[in-house]
Amino acid sequence: MAKRLARQTEVPDPGAFRTAHQSVIETPDYFDLVVRNIPDLVFVKDEQFRIVMANPAFFNVYPPEMHDKIIGYTTVEEYPPEQAEGFLHHDRLAFDEGESTTVETIDMPNGERITLLTRKIRFESVAKERFIVGIGRDITHLIAGQEALQISEERYALAVAGSSVGIWDWDFSNDEMFWSDRAKEILGITDPSFKPTTRHFRELVHPEDLPLLRQQLGRDGFKKSQIDIEMRVRRSTGAFAWIHLRGRAIRDDHGAVKRLAGSVDDITVRRTNQTKLMRSYEQLDEFAYIASHDLKQPLRGIYSLVQFIQEDWADKLPAALGERISKIGALATQSERMVANLLEFARVS
């Protein structure tokens with residue numbers, strides 16, 4: 001028995017392992033076997049952002065009737081514009097810089113909402129064509145579950161490295177907060193030794209947005225399982241930036257929230273553009289109102305003149321001329337109605 005155990009613990013011949021390794025990777029079905037059975041979402045895109053290859057896990061997030069609209073398509077049409085632009089942004093980043101990594105919460109076409117750690121890497125084919133390979137790992141449990149929040153610092157750092165969003169974690173039991181480096185950067189904090197507190201964060205929030213923050217993040221008032229807030233925070237420069245705060249709650253056996261964790265993203269540019277767009281809408285509405293008012297006045301004058309002629313001169317005019325005057329009145333009424341409809345259309349937001 002001792003001799004058998006001794007033989008089992010002998011160091012294998014490295015040469016034999018190299019031979020076995022080479023034999024495995026040269027197996028024709030090796031790559032296909034791995035890609036088809038890996039639980040991560042694996043896909044390849046060309047420079048037009050069209051999917052040219054995807055594994056079964058990727059196909060499974062789409063309903064069966066949509067499977068023939070995946071290969072050869074970008075698939076971004078199936079998502080809200082903001083999410084679609086996020087996908088394309090990281091596609092461009094991977095093509096330009098060689099790789100991109102992001103953490104994103106997505107409403108999948110199959111109805112699921114999941115959080116993915118997605119890494120995209122650029123490569124060249126034998127024909128020197130450029131592609132990116134994307135690998136999306138479902139990390140929903142890392143945010144939603146207490147055990148995932150207690151993973152090692154090394155794994156946590158790998159999960160958020162290179163992400164365009166910041167990560168935060170709030171432990172209710174001791175009122176301690178953790179902000180990733182990216183979260184500090186978004187909030188304009190440059191001191192590496194800075195330790196965040198809930199009081200400090202509230203002091204950064206714009207006074208007009210504090211009620212919304214208190215409503216969703218209050219220790220006793222937190223009712224939802226998810227946080228989704230857009231608000232303004234003051235950076236170290238004194239200027240306010242717009243952020244999108246997302247998170248999920250972890251509750252104890254009695255249903256009380258004991259921990260919150262999530263992400264923070266800088267949306268200042270998007271909100272600024274939205275403000276400019278709303279101003280344009282307001283200017284358009286004002287222009288449409290003034291223009292319609294100016295157009296209605298002469299039309300009403302024409303209609304009044306037609307009524308006057310019909311009431312006082314109808315029996316003195318030739319029949320043909322009377323019909324033409326009636327048509328003028330009808331056209332004036334129709335034109336006034338069209339101007340009113342145009343005004344209503346311009347006011348549709």
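**Pocket, cavities and a buried strand**

Helix α5 gives the largest share of the lining of the largest pocket, eight residues. The model is predicted, so local features are held to pLDDT of at least 70 and side-chain atom pairs to pLDDT 80 or more, while totals for chains, interfaces and linings use all residues. Residues are numbered from 1 along each chain as its sequence is written, and side-chain values use heavy atoms, with hydrogens and water left out.

**Largest pocket**

- Its volume is about 1,000 Å³; a pocket is an open set of points on a 1 Å grid over the protein atoms alone, with protein on both sides within 12 Å along at least five of seven lines.
- The lining (residues with an atom within 4 Å of a point) numbers 38 residues, and E82, V165, H244, R246 and D265 are the closest to the pocket centre.
- At least two lining residues come from each of α5 (81–97), β3, β4, β8 (226–234), β9 (240–251), β10 (257–266) and α12 (268–313); helices (H or I, at least four residues) and strands (E, at least two) are DSSP runs, numbered from the N terminus.
- By class, this lining has nine nonpolar, 16 polar and 13 charged residues, where Asp, Glu, Lys and Arg count as charged, Ala, Val, Leu, Ile, Met, Phe, Trp, Tyr, Cys and Pro as nonpolar, and the others, Gly among them, as polar.

**Cavities**

- There are three cavities of 30 Å³ or more, a cavity being a set of grid points where a 1.4 Å probe fits but cannot get out.
- The largest cavity has a volume of about 220 Å³; a volume is the space filled by probe spheres set on the points, which are joined across faces, edges and corners.
- Of the 17 residues that line the largest cavity, F43, F58, Y79, F87 and I106 lie nearest its centre.
- β1 (41–45), β3 (99–107) and β4 (113–124) are the elements that give two or more residues to this lining.
- The lining of the largest cavity comprises ten nonpolar, four polar and three charged residues.

**Strand β6**

- Six of the six residues of β6 (166–171) are buried, that is, under 20% relative accessible area (1.4 Å probe, protein chains only).
- G166, W168 and W170 point one way from β6, and I167, D169 and D171 point the other way.
- In a regular strand, side chains alternate between the two faces of the sheet.
- β6 runs antiparallel to β10, joined by six bridges (strands pair if DSSP finds at least two bridges between them), and I167 stands opposite S263 in β10.
- β6 also pairs with β7 (176–179) in the antiparallel sense over four bridges, with W179 of β7 as the bridge partner of W168.
- Four residues lie between the strands in the β6–β7 hairpin, where D175 takes a positive phi near 55°.

Definitions and conventions:
Buried < 20%, exposed > 50% of the residue type's maximum accessible area, 1.4 Å probe, protein only.
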